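Colleague: I would like to learn how to read side-chain pairs and cores in a model. Please take me through one.

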Amino acid sequence: MGQEIADPDEVHQDVARFSLRSSLLAPATAERAFAVFTGCLTDWWVREYTWSGPEALAELGIEPRAGGMLYEIGPYGFRGDWGRVLTWDPPRRLVFTWQIGPDRVPVPDPARASEVEVLFHPEGPESTRVEVEHRHFDRHGEAAEGYREALTAGWQELLCRYLATVARSAD
């Protein structure tokens, strides 16, 4: 499991008050870009961003269907669900709730969670434009703008690690 990171200039971001858009060009087919994003979270997600922490994290995953959960498995088999798949449309589109509050506490009510949409647009035989929009930060209440600011840096690092993992998987 590598935790390499791509050049931050390869991930472009635009922000609004309650949303963040990121885009990058992955050196992969849409099928592989989607598969790495959804099936290899443990390889590219920043371990420090998990509840289990870098030493105790066993697995990060997405149940591959609408209604499936985004989860982490930590020490002693602990499982923490942190999102729910709203749209599962490989290799084109993934939408899920982000049920982690600004205080890193789970948000059980999906109506109070923000939302992430990931689009995979083929741009050639081995090139895919990946667009990630994290939106509806206003659902997180008074801390919404600060949370969006913090996750702007967070998504930059996550997507640089994702891009490095996609590039490594091509070897």
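Colleague: Is Glu 115 buried or exposed, and what is its relative accessible area?

Modeller: Buried means under 20% relative accessible area, exposed over 50%, and partly exposed in between (1.4 Å probe, protein chains only). Glu 115 has a relative accessible area of 12%, so Glu 115 is buried. Arg 135, at 14%, counts as buried too. Bear in mind that this is a predicted model, where local features need pLDDT of at least 70 and side-chain atom pairs count only at pLDDT 80 or more, while totals for chains, interfaces and linings use all residues. Residues are numbered from 1 along each chain as its sequence is written, and side-chain values use heavy atoms, with hydrogens and water left out.

Colleague: Which side chain does Arg 135 meet in a salt bridge?

Modeller: A salt bridge is a side-chain nitrogen of Lys or Arg within 4 Å of a carboxyl oxygen of Asp or Glu. Arg 135 meets Glu 115 in this way, at 2.7 Å from N to O. Arg 135 lies in strand 8 and Glu 115 in strand 7, so the pair ties together parts that are 20 residues apart in sequence. Helices (H or I, at least four residues) and strands (E, at least two) are DSSP runs, numbered from the N terminus. Through shared partners, salt bridges join Arg 21, Arg 93, Glu 115, Glu 117, Glu 133 and Arg 135 into one network.

Colleague: How many salt bridges does a search of the whole structure find?

Modeller: The search finds 13. One of them pairs Glu 145 with Arg 17, at 2.9 Å from N to O. Glu 145 lies in helix 4 (residues 144-169) and Arg 17 in the loop between strand 1 (12-16) and strand 2 (19-26), so this pair links parts that are 128 residues apart in sequence. Glu 145 counts as partly exposed, at 34% relative accessibility.

Colleague: Which residues touch the most other members of the largest nonpolar core?

Modeller: In soluble globular proteins, nonpolar side chains tend to be buried together. A nonpolar core is a set of buried Ala, Val, Leu, Ile, Met, Phe, Trp, Tyr and Cys residues joined through side-chain atoms within 4.5 Å. The largest one here has 42 residues, and Phe 37, Trp 98, Trp 155 and Tyr 162 touch the most other members. Helix 4 gives the most to this core, with 11 residues.

Colleague: What is Trp 155 in contact with, leaving aside its neighbours within four places in sequence?

Modeller: Contact means heavy atoms within 4.5 Å. With those neighbours left aside, the residues in contact with Trp 155 include Gln 13, Leu 20, Trp 45, Trp 98 and His 134.
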